[in-house]
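I opened a new notebook page for this protein. My plan was to look things up one at a time and write down what came back.

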Amino acid sequence: MDKAKRKSKPTLNESHRVATSGDIEVSTYLEIAKEIGGEPSVSPKEVIPSAEREAIVVIDFGSQYSMLIARRVRECQVYCELLPYDTPWEKIAPLNPKGFIFSGGPGSVYEPDAPLALADIYESQLPILGICYGMQVLTKQLGGQVTPGIKHEYGHAILHLSDVDSPIFTDLPSSSPVWMSHADRIEEMPPGFTALAYTENSPFAIIGNGEGIFGLQFHPEVAHTPEGKTILRNFVYRVCGCKGNWTIGNFINDNLSKIKKQVGSGKVISALSGGVDSSVVATLIHRAIGDQLTCIFVNHGLLRREEVERTFNVFQLNLGMNIVYVDASQRFLSRLKGITDPEMKRKIIGEEFISVFEEEAKKIGKVDFLAQGTLYPDVIESASSGSQASAKIKTHHNVGGLPAKMILQLIEPVRDLFKDEVRQVGLALDLPEEMVWRQPFPGPGLAIRIIGEVTEEKLEILRGADFIVMNEIKKAKLYRQLWQSFAILTDVKSVGVMGDYRTYGYLVAIRAVTSEDAMTADWARLPYDLLARISNRIVNEVPGVNRVVYDITSKPPSTIEWE
């Protein structure tokens with residue numbers, strides 16, 4: 001397509017500063033929850049009316065890291081939504097975007113039926129930043145040429161700037177490391193574009209046309225590109241003209257209003273698990289609609305040692321809301337009998353959860369909504385944002401385990417948030433730190449940490465091993481530094497010796513990872529003496545286990561959970 005004539009975009013002056021988040025007093029929200037017949041409201045200086053909210057739209061071409069782009073933009077205090085590349089303009093326009101970012105993707109733009117951007121995006125004359133495949137998309141559509149690369153480029157490369165006066169380069173050094181992941185290359189730039197930076201293998205590592213369109217051959221969203229966030233920040237502030245008015249306080253205010261409007265006079269049931277996701281969801285809904293919410297704590301028999309008692313006590317003492325306790329452990333275990341496939345486990349547990357909720361709803365009376373703590377990473381890993389360009393990794397029970405026909409309507413207040421953002425919301429809502437900083441625990445519980453069939457015996461073995469892992473990690477004061485740390489009961493048995501006797505016991509694996517958002521993770525370098533204590537305690541204190549191993553695989557290529 002021909003390159004449309006474009007208007008130059010305003011840049012921000014040097015004195016511009018980003019607004020801070022989470023400044024609204026929690027007492028304000030308590031007052032909101034008590035209001036009758038009105039929409040929630042807070043101090044005018046803290047709230048940005050929806051009509052004035054600035055947004056950056058990320059167009060998803062199937063990259064597994066598309067969510068990281070949205071995360072980085074939000075870290076700049078700018079609201080961001082990720083939409084599949086084939087989203088119609090009628091759904092994009094109401095967001096009033098200030099600019100677009102094209103994500104990477106697994107395809108090649110010269111292939112038949114390759115995913116491309118809507119013509120409306122170019123015709124909007126708004127700034128565009130293309131990343132990797134996204135750069136190749138705008139190159140092809142604006143008249144350039146993309147070809148298979150003679151040399152593939154994966155991993156670290158050194159970026160050298162050619163045009164330091166470009167607004168996207170503000171505060172960048174003349175050379176810096178970047179992360180490459182591409183097999184195709186720009187053979188010919190579109191008319192009006194110039195090369196702004198290069199690497200050893202990419203003469204067009206950054207291109208731009210001086211009218212708000214830029215292409216990056218590397219990935220600025222990943223941690224391996226140290227200056228990547230600066231580049232994204234320059235794009236959203238200096239190119240798109242954003243001011244940074246999206247804060248956690250505004251998110252809470254918007255959601256209180258949305259929940260109240262969505263629910264109306266209806267009733268909501270919410271699942272409580274003790275994790276930060278369900279706790280924040282329940283608190284948000286309770287602040288918005290009060291006693292119209294009933295929380296249900298389901299013991300599916302797949303929880304960790306002491307978790308039922310500890311979780312229930314915390315909820316009763318801190319949340320002050322209607323809570324129903326349901327012991328369905330035998331029901332879940334019965335349905336899981338003989339099941340070894342991990343996807344089937346997730347499906348069964350998800351379906352059973354919904355059945356339990358709908359049965360409890362009948363006891364409560366007329367209930368209209370089911371609240372869930374679905375997060376952005378759940379959605380991207382289950383369905384890759386709905387884009388046909390992506391490959392599904394695994395199903396999350398919140399997203400993929402729901403029955404096709406469900407009596408209750410879903411309400412998912414934190415569906416668009418990353419885990420760290422949910423924690424920020426929890427702190428702003430004054431939730432206890434025990435809830436806010438609890439390590440993520442999967443909805444299917446220990447069922448996906450037992451390889452093979454789930455039985456009472458295996459659950460008790462795993463509970464014992466996992467309790468020791470948690471105990472020692474906390475004693476070493478490493479709990480808050482780790483994204484997750486837990487034990488896995490494998491289906492492997494091996495020969496051992498205890499005293500003068502031969503044993504044939506289970507192998508337990510230990511998993512501990514560091515991460516920012518679970519999209520990528522690295523195995524934690526735990527001290528050897530800590531690993532030794534964990535191993536020694538497990539084989540001595542947990543019957544049926546005679547061998548312990550430590551998982552030293554990162555994500556990718558592995559996932560954090562084993563199933």
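**Entry: a cysteine in a loop.** I began with Cys 132, which sits in the loop between strand S4 (128-131) and helix H5. I noted first that the model is predicted. Cys 132 is not a glycine, yet its phi is positive, about 55°. Buried or exposed, I asked of Cys 132? Cys 132 is buried, because its relative accessible area is 5% and the cut-off for buried is under 20%.

Entry: How many disulfides does a search of the whole structure find? I got zero. I then looked up Cys 242, which is in no disulfide. The nearest cysteine sulfur belongs to Cys 240 and lies 5.4 Å away. A disulfide needs the two sulfur atoms within 2.5 Å.

**Entry: the whole chain.** I stepped back for an overview. The protein has 17 helices and 18 strands. It has 563 residues, and 57% of them count as buried. I also looked at contacts between residues at least 6 apart in sequence. Of these, 76% join residues at least 24 apart.

**Entry: a sheet.** Next I traced an open sheet of five strands. I wrote down its order as S12-S11-S10-S13-S14, with parallel pairing. Which strands are at the edge? They are strand S12 (323-327) and strand S14 (409-411), and each pairs on one side only. On average, neighbouring strands of this sheet are turned by 30° against each other, direction ignored.

Strand S10 (residues 268-271) and strand S13 (residues 369-371) run parallel and are joined by three bridges. Ser 270 stands opposite Ala 371 in S13. What packs on this sheet? I found helix H11 (residues 342-364), which touches S10, strand S11 (293-299), S12 and S13. The direction of H11 makes about 135° with that of S11.

Entry: I followed the chain on from S11 to Glu 306, which is found in the loop between S11 and helix H9 (307-318). Glu 306 is not a glycine, but its phi is positive at about 70°. Glu 306 is partly exposed, with a relative accessible area of 45%.

**Entry: an enclosed helix.** I turned to helix H14 (residues 419-428). How many of its ten residues are buried? The count is seven, so H14 is largely enclosed by the rest of the structure. I listed the buried residues of H14 as Lys 419, Glu 421, Val 422, Arg 423, Val 425, Gly 426 and Ala 428. H14 is followed by Asp 430, and the phi of Asp 430 is positive, near 65°.

**Entry: the largest pocket.** I looked for open space. The largest pocket holds about 890 Å³. Its lining has 38 residues. Which of them lie nearest its centre? They are Tyr 65, Trp 179, Ser 181, Val 222 and Pro 556. I then noted the elements that give two or more residues to the lining: helix H2 (66-75), helix H5 (133-141), strand S5 (145-161) and strand S6 (175-188). S6 gives the most, with six residues.

**Entry: two prolines.** Pro 556 lies in the segment after strand S18 (545-550). The peptide bond from Lys 555 to Pro 556 is cis, with omega near -15°. I moved on to Pro 557, also placed in the segment after S18. A cis peptide bond joins Pro 556 and Pro 557, with omega about 15°.

**Entry: a buried serine.** Where is Ser 108 found? It is in the loop between strand S3 (97-102) and helix H4 (119-123). Ser 108 counts as buried, at 10% relative accessibility. I checked its contacts, leaving aside residues up to four places away in sequence. Ser 108 touches Ala 114, Tyr 133 and Asp 184.

Conventions. Residues are numbered from 1 along each chain as its sequence is written. This is a predicted model: local features need pLDDT of at least 70, side-chain atom pairs count only at pLDDT 80 or more; totals for chains, interfaces and linings use all residues. Side-chain values use heavy atoms; hydrogens and water are left out. Two strands pair if DSSP finds at least two bridges between them. Helices (H or I, at least four residues) and strands (E, at least two) are DSSP runs, numbered from the N terminus. Axes are lines fitted to C-alpha atoms, for helices over the stretch in contact, and angles run from 0 to 180 degrees between N-to-C directions. Contact means heavy atoms within 4.5 Å. Buried means under 20% relative accessible area, exposed over 50%, partly exposed in between (1.4 Å probe, protein chains only). On a 1 Å grid over the protein atoms alone, a cavity is a set of points where a 1.4 Å probe fits but cannot get out, and a pocket is an open set with protein on both sides within 12 Å along at least five of seven lines; lining residues have an atom within 4 Å of a point. Grid points are joined across faces, edges and corners, and a volume is the space filled by probe spheres set on the points.
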